[in-house]
Amino acid sequence: MSVTDQDKREEVERVSQVIAVINNRIDALAQQVSEVSTDIVGIRKHFWDDVTVNFEDVTEAAETYASIKQQAEVLSERERSHRHALKQLKTMKRLVQTPYFGRIDFVEAGEDSAESIYLGIASLLDEKDEHFLIYDWRAPISSLYYDYPPGPAQYETPSGSIAGEITCKRQYMIRDGQLLHLFDTSVTIGDELLQEVLGKQADTQMKSIVATIQKDQNQIIRNEKSKLVIVSGAAGSGKTSAAMQRIAYLLYRYRKTLQAEQVVLFSPNSLFNSYVSTVLPELGEENMQQTTFQEYTEHRLGAYFDLEHPLEQMEYVLCSMQEPEYNARLEGIRFKSSALFMQVIDHYAESLKRSGLHFHDLTFLDRTLIPSDQIHDYFYSLDPSLPIPNRMSLVARWLLAELKRLERTERNKPWVDDELELLDKEDFVKAYQSLRRKNQYRDDSFDDFDRERDLLAARIVTRLFKPLRAEIQELGFIDSQAVYRQLFSQPELLSSFLPAADCPEDWTTICAHTLERLDHKQLAYEDIPAFLYLKERLEGFQTNTLVRHVFIDEAQDYSPFQFALIQRLFPRAKMTVLGDWNQAIYAHAYDSSSFEGVSSLYEPEQTEMFLLTKSYRSTRPIVLFTRQLIAGGEQIEPFHRDGLVPSITSAAHEAARIDMIHSRILEMQKNGHQTIAIITKTAAEAEKAYQQLHELITLRLISSHTISFDTGVLIIPSYLAKGVEFDAVVIYDASRAQYQHERERKLFYTACTRAMHELHLFYIGEISPFLLDISPDSYVWNH
Ligand SMILES: Nc1ncnc2c1ncn2[C@@H]1O[C@H](COP(=O)(O)OP(=O)(O)OP(=O)(O)O)[C@@H](O)[C@H]1O
């Protein structure tokens, strides 16, 4: 069915009618916002006028309290209503630009006429509040638009499925309130709109994709039943996009019970955090909480250790091949991040039930109050069948009781007299008043001064013991560092937990290096999750029961330890895990190819897996090129968007390369590309390239400290470009010298797949062997 002129006229007419309704709504809301804010200012200003303050007796104080509470409630109700109206106003202002993007006409089974459903980023009722002029894209009925072409269709509602037929499916391009284009579509979501969206220039912030969500992405976005959703998808297949729209969907679907702060997104780095931070606000929702695993561990362990940053580890792995301990470190990284090592820690923790734990002395003013061996003996006198954390709680209880006993003996020690001398008059007056209140002060007794001294001494000891009590309550008496250290100071321990064949060959060297770091209070990146996991096994897992949904993007970079820690940290949350094994750039995950570490956390019936194979980011020629870089790449399906084939250019020397890159960038800028990334392998290489280029063109060097980027030319190390995209990508050095080891393949692939419209590779000397297998008709070779 094609769109007739009559249809067009009617649609143009409808757009203006809807916009008129939105404008009225905007006026009403603006007025409401202003009235409520005047109310709020008034209440705040006269808050105390309407409150009678009287604390003379208990009844008066209670009345005062009630009247303050009432006044505060009025204020908070007004503030809530202000926030709500403001949010609606913002949504309406967005809606007035693009009221809707799609329509389906649906005849429900048993009915004889079709209802037209228009989809937008929010719902809109007509002036009489009777009919929906726009349906929120997340409403149950809206899923028809994403899931079916015209014909028989059905959608799920909380009260069951509703079947019927889609008789028309239409897409609109409305910008700034003007209907620019409309077309009927027979496929799920017409390619035309997608072409237009994907053909645009890269943005420095991710955009929402609600107008063009694809059917397979929609299944991920709307999944409600699984505790664990695993999405495995090619580079550019929309994993992050699906995650962001899924958050928006969940916030809408559970709007009465789910707040944005109950959703946590773990992302790879701060640059990525800022890149995705605009999607939810664009959809009228508040942002979820965002964090990185590094931030979390810094918060947990930063006080005890100097923690290695993941990117420091990355730089070491990429740049230190010449170092004598390199291979052992690499083996250590892999082993310490593996499911096998997690088993080792589990067995080790089990064995600690019987012996091997270490404790700190409980000290006070440089004196040992309770020696560690006494704590040790007490722990091992407890029922060994109890889990370690339960026994630790019993130890803590015992220590607190001991401390109470010690507190009494401490009061008569000379140091307390010294402290008493330092007290000022006010403390004595307070002690005197307290004794009087308790009727213990008689004015006529010689004991009174002693009593006052006792009271003050007790207070001093209690005050100074407070940090000790806190330390006990926080289980600070457990020496987790020593327990972890023991695993490496006794290398033979490993073989009692693991068959010899599974133990790393270089274990003794790995142990020596680990001890060296631990002795300097340093924790290598690969040790962080393992240490934290062991610590939690001893102390009990820390939990946050408020969070309901956890999203882990770039999940291929997480070790089984990290998944286990995150799952235990958020025991009441559902998890959505998204990743691509071909982009596993961290040393621990080079050889992995499945989400084993995470899928075993939940029962199979609680888990659902999704595969996204179509790549939307890059043009077809770029996908056809990049997919040849990885095994199984032929399964990646390019979206048919045309563009230049990638180029590979050989340069005779450095100056020639800089010249060629410079001219290429100028040409691309002439073609309208605004965000051009020169991707290097490492930070050192990025710095070098920057020094060579910055006098020729304006460009910005991106480092691990950069938190956001603007349009323009950037120089960025490969691993920082993760998850983001650029109009054009220049691979600064695609030579064998940079990319030859298998472990560098995925990094190379990740870098190349950041390109949307153009990809150009340069090299000096020999070309990277990864490029030799690529069919010559997939690129232009300038040599
Ligand atoms: N359904 C869609 N409609 C419009 N654009 C889409 C759609 N799906 C994905 N895209 C676009 O494709 C690009 C890549 O998406 P996204 O970053 O979500 O992919 P990804 O799978 O997370 O990629 P990577 O793993 O390489 O980081 C983005 O520009 C996104 O807007």
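Valine 461 is found in helix H17 (residues 447-473); helices (H or I, at least four residues) and strands (E, at least two) are DSSP runs, numbered from the N terminus. The structure is a predicted model, in which local features need pLDDT of at least 70 and side-chain atom pairs count only at pLDDT 80 or more, while totals for chains, interfaces and linings use all residues. Residues are numbered from 1 along each chain as its sequence is written.

A residue is buried if 20 or more other C-beta atoms lie within 10 Å of its own, exposed if 12 or fewer, and partly exposed in between, with C-beta atoms placed from the backbone. Apart from neighbours within four places in sequence, the contacts of valine 461 are Glu407, Glu410, Arg411 and Val416; two residues are in contact if their C-beta atoms, placed from the backbone, lie within 7 Å. Between the C-alpha atoms of valine 461 and proline 638 the separation is 72 Å, and the two residues are 177 residues apart along the chain.

The domain assignment divides the chain into domain 1 (5-171), domain 2 (218-303 + 547-615), domain 3 (362-474) and domain 4 (620-781), with bounds that come from an automatic or database domain assignment. A distance of 66 Å separates the C-alpha centres of domain 3 and domain 4.

Around the ligand there are 24 residues, of which Ala235, Gly238, Lys239, Thr240 and Ser241 come nearest; a residue is near a molecule if its C-beta atom, placed from the backbone, lies within 6 Å of it. Domain 2 and domain 4 each contribute at least three residues to this shell. Helix H4 (191-198) and helix H6 (239-253) each supply at least two.

Alanine 235 is located in the loop between strand S8 (228-233) and H6. It counts as buried because it has 23 C-beta neighbours inside 10 Å. Beyond four places in sequence, alanine 235 is in contact with Asp580, Asn582, Gln583, Ser615, Arg617 and Thr753.

Lysine 239 belongs to helix H6 and, with 26 C-beta neighbours inside 10 Å, counts as buried. Its contacts, leaving aside neighbours within four places in sequence, are Val231, Gly233, Leu578 and Leu612.
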